[in-house]
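Please keep the sequence and the model at hand while reading.

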Amino acid sequence: MIGYVIRRILIMIPTLLAISMIVFIIIELPPGDYLESYVAELQAQGESVDPQEIQFLREQYGFDESPVQRYLRWVGGMLQGDFGYSFEYRLPVSDVVGDRLFLTIVVSMATIIFTWVIAFPIGIYSATHQYSWGDYGLTFIGLLGLATPNFLLALILLYFANVTFGTSIGGLMDPKYIDQPWSVDKALSVLEHLWIPVVVIGTAGTAGMIRRLRANLLDELQKQYVVTARAKGLPPGRALVKYPLRSALNFFVADIGTLLPSVISGAELVAVVLSLPTTGPILITALQSQDMYLAGSFLMFLATLTVVGVLISDLLLAWLDPRIRLAGGASR
Amino acid sequence: MNDLVRINDLRVEFALLGGTVEAVKGVSMRIRPGSTVALVGESGSGKSVIAQSIMGILPKAGRITSGEILFADPVRDGGVVDIAALSPNSREMRDIRGGSISIVFQEPMTSLSQFHTIGNQIGEALHLHRNVGKAQGRDTVENMLKLVGFPDPAGAVDKYAFELSGGLRQRAMIAMALICRPALLIADEPTTALDVSIQAAILKLIKDLQAEFGMAVLMITHDLGVVANIAEEVVVLYHGRVMESGTITDIFRRPKHPYLRALMKAVPHFDMKPGERLTPLREITYETGPMIETRAPWPEGVNTDVNVLSVNGLTKSYTTRKQAWLGSREVTRTVAVDNVSFDIRRGECLGLVGESGCGKTSVSKIIMRAITPDAGTVTFNDRGEDIDLLAVPDDEMMPLRRKIQMVFQDPQSSLNPRMTVFDIIREPLIIHKTGSPSQQAEMVKELMRLVGLDPRFLNRYPHSFSGGQRQRIGLARALALKPDLLICDEPVSALDVSIQAQVLNLFKDLQKDLGLTYLFISHNLAVVDYVADRIAVMCRGRIVEIAPREVLFRNPVHHYTQRLIAAVPYPDLKRKLDFSKFGKPGGDDPEKWPMPFAMGPGHPSAMFDLGHEHYVLAAEGASRRELVQ
């Protein structure tokens with residue numbers, strides 16, 4: 001088992017390296033660079049541009065170097081914890097991201113937990129009461145959630161939260177706490193604002209998960225070993241939890257790998273609508289203005305999350321499923 | 001009440017989409033304490049439904065509409081309960097289920113959870129019904145595993161089902177059913193999925209444990225051979241009704257009901273006289289057609305009495321890698337086919353028998369060029385011209401493919417459910433660009449009549465046919481290209497005995513009418529005995545004995561063949577199985593077989609000619625005296 005873990009972690013290195021190359025190429029693909037779009041923007045606003053300053057910046061950030069050199073400089077920096085410099089914000093990338101990264105993780109985690117807490121009981125109910133009115137009703141609501149555009153739901157919830165609870169519009173905290181050090185009140189304010197993005201981002205994922213859990217569990221409930229469990233005299237509830245649910249868990253765990261990036265990347269649009277201080281909106285503007293170090297670091301962050309998510313789900317699977325643990329790797 | 005269980009006029013209904021179907025139509029029967037009752041019938045006769053009713057585990061769609069199931073529970077000092085009146089999930093019913101009545105199912109692999117150790121699953125029943133501590137529970141489970149014949153009970157407690165062989169899995173199932181020492185054990189086709197020698201061992205085990213625990217057994221089976229060997233009373237079921245019931249001697253000596261008499265005639269057995277035909281319950285009529293009968297003639301002057309197929313020294317091993325890249329590699333080689341040689345003469349049927357995993361299907365796949373062997377040759381005689389099949393380049397294989405066709409085991413999965421029967425049978429003709437569309441349509445109709453099916457059914461989909469009919473569709477598809485050699489891989493194993501006879505007769509008749517050559521693979525010795533002219537017995541990838549059928553079964557020489565034949569249960573009370581020969585797991589370890597028949601790495605062996613086309617595998621240098629004692 002330990003050997004397996006080490007090997008999996010070692011495999012992550014070439015994976016991340018390959019991803020960094022792809023990210024770099026994608027960022028390099030659009031013609032021009034940040035300085036060119038910066039100059040164009042200034043000129044469009046009728047401001048004068050000092051060619052010497054531009055030239056100075058060019059040299060400073062190595063815009064004249066070959067792509068390979070820039071790539072190496074970028075990756076080398078990241079390895080030392082230096083994520084580069086954001087031209088847009090005129091700050092090191094880590095300073096721009098810092099707080100937002102934390103809040104992104106808070107929102108994402110809350111969304112995942114929300115998804116599970118809602119999807120699990122509903123999925124189990126739907127599967128054990130297949131074709132009942134409850135099953136149909138919950139399926140209907142789930143499909144509604146799947147079909148409603150996220151931004152629309154976001155606007156509606158914002159409106160009602162403001163009217164009913166007096167929550168301030170947008171953001172993850174009351175405006176007065178922005179840029180303040182963390183305190184109990186600030187945390188409470190975050191909690192007060194958190195539920196809207198969580199519900200909005202979570203609905204589609206929840207609906208999808210209910211459907212998949214229901215389908216998986218229905219498959220398992222047909223199996224002979226469920227009958228065996230009943231034939232032993234096991235009460236229905238315990239038989240359900242111990243046997244079919246345990247098998248259906250496999251897909252659940254395997255889902256973690258894809259859940260992390262989808263929650264984070266799916267949240268961008270919602271974050272813009274709700275003007276959340278998470279990473280999504282920054283990523284979008286950074287890509288628009290070709291703020292390459294900022295955009296690149298973000299994409300790498302997402303990629304790392306994905307790879308780590310898959311690693312976690314694989315390790316959990318191996319721990320949960322004796323077939324993977326004991327018969328793993330045996331193939332013809 | 002003297003009986004342990006008495007069923008009175010039981011009726012069970014299933015709610016289906018188009019209304020309700022009555023699966024059990026007023027069945028009455030009884031089980032006396034400590035006795036063995038066999039419930040016999042084909043699939044769909046309602047025998048499993050009765051078992052589920054007794055256990056209170058009917059599927060959701062099923063419902064007991066009337067009748068009673070009286071059970072004198074010894075745990076309650078014989079207080080009589082009516083199981084039919086209890087709610088399936090009530091406390092009372094749950095106490096009976098697993099505690100006083102337990103069940104063993106057909107498929108041990110799917111009946112056990114893959115996520116829990118067998119110790120956990122066996123112990124669960126114990127902790128549910130008996131008040132025992134953790135350590136004591138583990139001891140009890142260990143003892144039970146020892147009782148059912150696990151070689152290492154203490155270690156087996158922590159094993160998972162997929163780490164065990166099929167036979168051990170079924171033993172674990174039995175241990176699970178018996179851990180609470182029930183008054184009644186229901187065995188629902190417990191040996192159908194197992195090989196004959198394991199079947200004999202499991203039957204012996206059930207018999208031994210029954211004597212030890214003094215429990216009653218309700219054995220559900222379609223195999224009259226099993227019934228003859230284990231039952232005291234027999235109940236014969238047909239379409240949800242009891243056709244006949246009585247003691248075993250009554251049933252076997254004086255079968256009254258025509259259904260039972262017909263069933264007995266439909267099962268192949270070793271005492272059949274040469275040329276004797278099985279009488280299926282429903283005979284099918286077929287006719288050949290002009291298109292099928294016209295076959296490319298053999299060229300003038302060519303010797304037609306040749307070996308259509310010669311297989312020489314075939315060897316194939318699979319490697320199992322333990323670890324992926326970047327890790328230490330642990331490669332284990334499993335030899336699936338080991339130096340296999342045989343010939344099939346033109347117009348002959350060669351039977352290939354062996355237990356699951358012996359490599360017989362690998363041989364058929366090598367002949368079809370689906371897998372590539374490590375060594376050996378396959379020579380196919382195409383109308384006087386010898387062709388080395390394994391040396392033919394891929395792009396020249398196409399015309400040869402029509403000469404060799406295959407019939408598969410599972411009629412369910414070998415027909416595409418999204419194609420009509422017409423499309424299925426026509427497909428080979430399209431692939432090989434044979435004839436115009438109208439000729440193809442005509443040929444498909446002829447093929448349908450050839451396998452005894454009505455051409456009007458051509459527009460239907462496979463699901464509207466029964467298993468036997470589907471297998472005949474598979475046969476029609478295989479015959480569409482007018483092949484010379486047909487490889488039949490367990491073609492009747494998935495069929496009921498009553499249907500089996502029908503399909504076997506069709507195979508035999510068509511062979512004669514169309515001059516086909518068969519390689520007939522099966523694990524069922526009686527079936528092979530019925531269709532084959534010569535039989536090869538395979539064990540651990542090697543052919544251990546090969547002989548004409550009348551010689552092989554009357555005078556088996558190799559230890560393995562003898563074991564195999566001794567394990568076949570006869571539907572005959574005068575010839576019961578000698579159970580003392582079976583039971584010890586590991587007793588079938590080829591390394592420990594008596595010389596000169598021991599097999600394994602340390603035992604170089606060779607084929608010996610005993611005359612009259614009888615060959616046997618034995619240690620090198622063995623004398624003829626040693627072989628034929």
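Predicted model: local features only at pLDDT ≥ 70, side-chain atom pairs only at ≥ 80, totals over all residues.

Residues are numbered from 1 along each chain as written, with chains lettered from A and ligands numbered from 1 in the order of writing.

**The helix pair in chain A**

Helix α7 of chain A covers residues 150–165, and helix α8 of chain A covers residues 184–221. Helices are DSSP runs of H or I with at least four residues, strands are E runs of at least two, and both are numbered from the N terminus. The angle between the two is about 150 degrees, and their axes lie 9 Å apart. Axes are lines fitted to C-alpha atoms over the stretch in contact, and angles run from 0 to 180 degrees between N-to-C directions. The α7(A)/α8(A) crossing is right-handed: the near helix is turned clockwise from the far one by less than a right angle.

From α7(A), the residues in contact include A:Leu153, A:Leu157 and A:Ala161. Their counterparts in α8(A) include A:Ile196, A:Val200 and A:Thr203. Contact means C-beta atoms, placed from the backbone, within 7 Å. By class, this contact has 10 nonpolar, two polar and no charged residues.

| Helix | Residues | End-to-end C-alpha distance | Expected span |
|---|---|---|---|
| α17(B) | 467–479 | 19 Å | 18 Å |

The expected span is 1.5 Å times one less than the number of residues. In α17(B), 12 of the 13 residues are buried, so this helix is largely enclosed by the rest of the structure. Buried means 20 or more other C-beta atoms within 10 Å; 12 or fewer is exposed, and in between is partly exposed. The buried set of α17(B) includes B:Arg470, B:Ile473 and B:Leu475. It packs against β16, α15, α16, β17 and α18 of chain B.

Nine of the 12 residues of α4(B) are buried, so α4(B) is also largely enclosed. Among them are B:Ile118, B:Glu124 and B:His129. Their cover includes α2, α5, α6 and α7 of chain B.

**A loop residue**

B:Pro151 sits in the loop between α5 and α6 of chain B. B:Pro151 counts as exposed because it has 12 C-beta neighbours inside 10 Å.

Key:
Contact = placed C-beta atoms within 7 Å. Nonpolar A, V, L, I, M, F, W, Y, C, P; charged D, E, K, R; others polar.
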